[in-house]
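Please keep the sequence and the 3D view at hand while reading.

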Amino acid sequence: MTSRGALYFAIMAAALLATGIFQSWNVAFGILSMCLISAIMALGLNIQWGYGGLLNFGVMGFTALGAVTAMLVSMPPIPEAWEAGGAGIMVSLMLLIATVAVILVARRMVPDHLRTPVTVVLVIAGFFFIRVFYIPATERIEAVNPAETGYLGGLGLPILLSWVLGGLVAAGAAWLIGKVALGLRADYLAIATLGISEIIIAIVKYEDWMTRGVRNVTNLPRPTPPEFEIRVAEWFVGMASFLGTDDTRAAIALALKSIFIVLFLIVLVVVFWFSERALKSPWGRMMRAIRDNRDAAAAMGKDVTSRHLQVFVLGCAVVGVGGAMLTTMDGQFTPTTYIPLRYTFLIWVMVILGGSGNNWGAVLGGFIIWFVWVQAEPFGHWFMDASTMFMADDNWLRQHMISGAVYMRYMLMGVILLTVMRFAPRGLIPERS
Amino acid sequence: MEILNALALLTNFVLIPATAYGAQIALGALGVTLIFGILRFANFSHGEMMSFGAMATILFTWLLQGQGVSIHPLPTALLGLPVGILVAIGVTLTADRVVFRYYRNQRVTPITLAMASIGLMFVLAGLVRFIIGPEHQNIADGERFLISAFEFRNMTGLDEGIAIRQTQVITFVIALIAVVALFWFLQKTRAGKAMRAYSDNEDLALLSGINPDRVVKIAWIITGALAATAATLYSLDKVYQPFIFLQMLLPIFAATILGGIGQPVGAVIGAFVVAYSEVMVTYAFRRFVGYLGPNDWVPDSMIQLMSTNYKFAVSFIILVVVLLVRPTGIIRGKVIER
């Protein structure tokens, strides 16, 4: 990292400190923890775009896969629901695997010109056959105490485990998707991944037997110790006396946030270390060679398609870890909150602003953009309030401008992206060449 | 009689809605395919351009309604549409001047242009939500039905009715006019021929003395007009809501690629293929099959391939299958190199 990069990070730290001093430490800690998650997601996307030049517009989908894994790992199982429909779901799953196996075998066996029709027939037959077991099973599961559960529940394991599993699930999905879509040209891949992410969101939103869908799953188990333990813990008493606060409730909130920050920081350091090592290894040089001149790299005997698959899977895994962490911190799984502007394109702004191909840049971008994204709301509110001061309080235009101020953040993100692309296309911390 | 009932059922729930939807997608896809063909990039901000045009239409419509202007039985929004079109053209031309022209002169890769369109998408999405808010707006204030299901049943004596909503007819008529006018323009006028030449082979077109700036400008004007029209028709037919337009990108892109990039005829065909597949795959054929089967028999299952929640999947599958099987589309479009 250059001295200029260090300066940017120092400014960022000062901005967070200023938030703590002038707004509140609770807000500052909250922003910092989300900055860390954003940095991890930006690192994941940077692996795909910065190293490999892959245009993945489906970040939202892999975030959601990590999120749903966190929920499924941590929530306790619902025995009644398993009794009602667990067997049906399991049978459907087996049939799905069997169908895929039959299709793969059949494709080998039949002559070339029959391959497509046979596949189509088998897909349709398998689809209807599976539904015979699947639909009644889901209906029975959703009928079990729908007000409170109505889903199968999870595995009842520690939620921290999902940070690994979320990455693996996202990686598995990415492998399947990559197998189909990675042969596509850059902008086609962007369109295809945008579509996949919408489909993933539709699944987690409407497969109620698995995720409760739009009714959300709240009160996920937390990885942090319960409040009554924190209250008497030695380090907490020390921290409270150091801060000189009397407000135990606020101090506990801060302590909880600090635990998350430490955990997130550990993950960030691990992911960063591996990404940086990979980038500096022969593998990293090969990836950049493929990105910069695909044909030349192919001519040198590099297997472009499988290397692309590799970075796609790795990047999605990191994004999935980020998604699991996000849900862990929120303590709830809410499928309706996943919108592409926030979960896909915001991450893109982070990577482009920070400097694609540079891990320090991705982290910096994650920090800056999340900070601006959050602070744009109070700032926009203040700005609209100040610029309409001369109007009466009940003036409709003034009220409208103030209520719409929250959408300033979208405009701001667009302006940042366009400005960076135009005047500093290599980002704040450019890739070393 | 049973067969007639089955056909009436299918017409009412599949044919008519899918035709209206297809017409809306077609107008959107025409804009995307023109920009894809002439500026050679995937315009991800197209959805928000549509949204912006429809918003302008709605605002002007409200103004007219406030003044007591009405063209009942037609919806007032038809009077607002020209304003929406002008605003959308203003948006596309400004966007080109401020954002895209610089990159075009730099001769950057299509990816950079696509990325710039993401920036524009953010700005437009923010502006739309700031001006009109994220809530849904219903602007259909005209007569609701041309023929209601009840009238149809009385007329024909069938058990199944066919309802034709006025907005569906308006959608179809306006889309037809727009498409015919566009094809006339592209085939018969000098400017249109210049555009097609430029889209086919940029270097040859430049050698023949075609002014690229003029071609690009006309492409944006047409795109803006089509975008505002498509979004207004969609909002009349269903409802206006800002977040829908990002999701509509998917069927629009699917139609564009299916039809062959830079191929207006292909875009229209592609749009109807996408729309019909989407509606048919998500329609429950239970009663349709019931009419065709023996008396008073109805199948137990819904005979629905996919729930309507997964309609994106249809566009996506079409997209992937086309890209894998025939990447040039139905009508051989261009394959833009990276």
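## Where the chains meet

Buried area is the accessible area, found with a 1.4 Å probe, that two parts lose on being put together, summed over both. In this predicted model, the area buried in that sense between chain A and chain B is about 4400 Å², and carbon and sulfur atoms give 78% of that area. On the side of chain A, the residues A:Tyr188, A:Ile191 and A:Arg422 supply 15% of the area that this chain buries against chain B, which is more than any other three residues supply.

Counted by residues, the meeting of the two chains brings 47 residues of chain A into contact with 46 residues of chain B. How many salt bridges are there between chain A and chain B? The count is zero.

Because its relative accessibility is 42%, A:Leu96 counts as partly exposed, a class that lies between buried, under 20%, and exposed, over 50%.

A search of the whole structure, over all chains, finds zero disulfides. Are the cysteines A:Cys35 and A:Cys316 buried or exposed? A:Cys35 is buried, with a relative accessible area of 0%, and A:Cys316 is buried as well, with a relative accessible area of 1%.

Terms used
Residues numbered from 1 in each chain as written. Chains lettered and ligands numbered in written order. Predicted model: local features only at pLDDT ≥ 70, side-chain atom pairs only at ≥ 80, totals over all residues. Heavy atoms only, no water. Buried < 20%, exposed > 50% of the residue type's maximum accessible area, 1.4 Å probe, protein only. Disulfide = S-S within 2.5 Å. Contact = heavy atoms within 4.5 Å. Salt bridge = Lys/Arg side-chain N within 4 Å of Asp/Glu carboxyl O.
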